[in-house]
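Subject: Two-chain model for you to look at

Hello,

Here is the structure I promised to send over. Please open it next to this message; my notes follow below.

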Amino acid sequence: MAVSVDEAVSPGPVRDHPAPTRRRSGRGRSVLELALLVVLAAVMLFPALWMLETSIKENRDVYAIPAKFFDFTVTLDHFRDVFVAPDGGRSALSVSFLNSVVVAGVSTLLATVLGVPAAWAYSRFSVKAKKDQLFFILSTRFMPPVVVVIPIFLMYRQVGLIDSKLGLILIYAAFNVPFTIWMMKGFVDEVPAEYEDAAMLDGYTRLQAFRKFTLPLLVPGIAATAVFALIFSWNEFVFAIFLTSSDEVRTAPPAIAGLIGGTTVDWGLVAAASVVFALPVLVFAYLVRKHLVAGVTLGAVRR
Amino acid sequence: MGTVAAHGLRKSFDKVQALDGVTLDVPDGSFFVVLGPSGAGKTTTLRAIAGLEKLDAGSVHLDGRDATGDTPAARDLAMVFQNYALYPRRTAYENIASPLRARRCSSSEIAAAVERMSSLLHIERLLQRRPAQLSGGEMQRVALARALVRSPRAFLMDEPLTNLDLKLRVEMRTELTRIHRSLGATFVYVTNDQVEALSMADQVAVLQEGKVQQVGTPTEVYERPANRWVAGFVGSPPISLLACHAEGDRLVGAQGWTLPRPRWTTAEDGRALLLGLRAEDLSVEQRGDASLPGELYGLEPLGDRTVVDVRVGTEILKVKARPTVTGTQGERLQVTVDLDRAHLFDAGTGRSLSQAGR
């Protein structure tokens, strides 16, 4: 951990005794690499940059042909329109953002509260057919949402959960619990069971031992897992568009998509709403960037 | 009071039978060592007594009362784990105080108890450190202090010295014996190190493959092993076992040698036997009437003595000799046997046939 990649592959000795030919070929390759990476980055980043640009362009510049890359007039009107309705009240988009915050937050909380103890139990106890159970839990994630959305729609209509925030919260929690269990099981496995054994001999009950001695060690793992669940719920589109219809309930992804499709599309507003929508995800992804690779692949399935 | 009794403990993990009817009776105040090779079920036995392992069958009695279904907390035992299991986020002080906090002692009581323990174990300087800032020996002392800080029915120790270096291990051996004497408490101590068992124990239980092979004092276990496994596990260098059978007044080896038949054995003629000979009961230097012909196979100088490997046919005998002994490989020599101290085992059942006559 203490040794960074730079230290580990220190170029020091190589620089002292360079082999001229190898050096030239090495530099040639790195120039090619750099060029390819720049091209790739441009392709990957262009939509994001264009979105960012459109969100701060005046409408005149947004629709300009040929498109204006650099000399456009900067305005924050679109961002104002995201939150404020033309009549000065609260805009429908701002309501949908609030809905997204509530739905993503509560469903993540629910998934964490249910998933962490389950992960602990699967890690610590000898459960009958543990592997089969865990596989079953994982298998609920195999099917894409689109496959199950029709039956869920029908069931929700029966029980009156259609077009309600609670319905979305429940379905997102149901999708996030398996993920939470699998990812948290990896983190719990890393904490030696002996801490709890020792605590129980000290005189604590099993639950106290978990709460006082194991849980504090799991906090970083819980945070990372919760952020993943949060991002999933925040981004989710298919269930949201099928199961909600009114502006009061609709979350941001279908609401933003709903901006497109009239006779004229207010691209400035779409871009500004998309920027606002993407920001929390970028911030959270930055917070858990170490786990984005290691957490998902290693932490969840090791052992 | 602090008696620990386990009766017919059975436990399997998947298809492995870890405990196969383990029965132990630990008297009050004794230093009771459970000795066995790794995988014998020692730790599982200890964890079953502590209440950390759910048993398939069997019962645990503490102070004569059935505690089989009790939680670990209710059993009022203290345990030292092999890897110490110190709480990583807490200071040494908080680790030692933990059993008292769990039992809601007042902070002045806790402070006094922690102070008493830290001076007993010489860890006063370490109290504000976290486990990551402690060396292996220091962690071991803190773990010991956490167990000793209250007065439970009995102390359970799971190979507490295994992870220490040799010098520290010898030191701690003496110290643990001293602590045991001064507390007068019951210790159940698990180890795979026979030196620890022989030097510290009042009673030794030799465990193998989930079964108790023998229970006795260290001397009994060493001098009168109940079977060939106990004989083979206890003693260093290990006992040499030679295949043979009795024939009239002689023992005839499978490798062709003959020895006078020991007076004490009652084995009938022709039964397949194993002759067990400890290194210190053999000699390449003295002459005696009972001797085996062999050739020098190797020398292992150990400082205070040299172990001579002598090949008799295809079997190797370990012989203890003075450190000055010399020889060349392949040299013919006679190994004198002290037959009064030899052991005979039934080759089939492994059971000792020596007990009766002694």
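One cut-off first, since the packing notes rest on it: two residues are in contact if their C-beta atoms, placed from the backbone, lie within 7 Å. Please keep in mind that this is a predicted model.

**The two chains**

Chain A has 303 residues, and 31% of them count as buried. Its secondary structure comes to 15 helices and zero strands. Take the contacts in chain A between residues at least 6 apart in sequence: 74% of them join residues at least 24 apart.

Chain B has 358 residues, of which 43% are buried. Here there are nine helices and 20 strands. Of the chain B contacts with a separation of 6 or more, 66% involve residues 24 or more positions apart. Along the principal axes, the C-alpha atoms of chain B fill a box of roughly 75 × 45 × 35 Å.

**Domains of chain A**

Contact between them involves 12 residues of domain 1 and 11 residues of domain 2. On the domain 1 side, α3 (20–55), α4 (59–62) and α5 (77–83) of chain A each give two or more residues. The largest share, five residues, is from α5(A). By type, that side has six nonpolar, four polar and two charged residues.

**Where the chains meet**

Chain B puts 17 residues into the contact between the chains, and chain A puts in 13. On the chain B side, the elements giving two or more residues are α2 (72–75), β6 (77–80) and α3 (92–102). That side divides into 12 nonpolar, three polar and two charged residues.

**Helix α5 of chain B**

This helix deserves a look. It covers residues 136–148 of chain B, 13 residues in total. From first C-alpha to last it reaches 18 Å, close to the 18 Å expected at 1.5 Å a residue. Is α5(B) enclosed or open? It is largely enclosed by the rest of the structure, because 10 of its 13 residues are buried. Among the buried ones are B:Arg141, B:Val142 and B:Arg146. B:Gln140 is also buried.

What do the buried residues of α5(B) pack against? The partners are β6, α3, α4 (107–120), β7 (154–158) and α6 (166–183), from chain B.

Leave out residues up to four places away in sequence, and B:Val142 touches B:Leu86, B:Ala92, B:Asn95, B:Ile96, B:Ile123, B:Leu126 and B:Leu134.

**Nonpolar cores**

In soluble globular proteins, nonpolar side chains tend to be buried together. The largest nonpolar core here has 150 residues. Which members touch the most others? They are B:Val33, B:Val142, B:Leu156 and B:Val188. Yet the largest share of this core, 14 residues, comes from helix α9 (residues 165–190) of chain A. There is also a second, separate core of 12 residues. It includes A:Ala255, A:Ile256, A:Leu269 and A:Ala272.

**Strands of chain B**

Start with β1 (residues 4–13) and β4 (residues 57–62) of chain B. They run antiparallel and are joined by five bridges. In this pair, B:His7 stands opposite B:Ser59. On from there, β4(B) is joined to β5 (residues 65–66) of chain B by two bridges, again antiparallel. B:His61 has B:Asp66 in β5(B) as its bridge partner. The hairpin of β4(B) and β5(B) has two residues between the strands, and B:Asp63 takes a positive phi near 50° there.

Further along chain B is an open sheet of five strands, with antiparallel pairing and the order β15-β19-β16-β17-β18. Its edge strands are β15 (282–283) and β18 (315–321), each pairing on one side only. Seven bridges join β17 (residues 306–312) to β18(B). Within that pair, B:Asp309 stands opposite B:Lys318.

Over to you.

Best wishes

Definitions and conventions:
Residues are numbered from 1 along each chain as its sequence is written. Chains are lettered from A and ligands numbered from 1 in the order in which they are written. This is a predicted model: local features need pLDDT of at least 70, side-chain atom pairs count only at pLDDT 80 or more; totals for chains, interfaces and linings use all residues. Two strands pair if DSSP finds at least two bridges between them. Helices (H or I, at least four residues) and strands (E, at least two) are DSSP runs, numbered from the N terminus. Ala, Val, Leu, Ile, Met, Phe, Trp, Tyr, Cys and Pro count as nonpolar, Asp, Glu, Lys and Arg as charged, and the others, Gly among them, as polar. The expected span of a helix is 1.5 Å times one less than its number of residues. A residue is buried if 20 or more other C-beta atoms lie within 10 Å of its own, exposed if 12 or fewer, and partly exposed in between; C-beta atoms are placed from the backbone. A nonpolar core is a set of buried Ala, Val, Leu, Ile, Met, Phe, Trp, Tyr and Cys residues joined through C-beta atoms within 7 Å.
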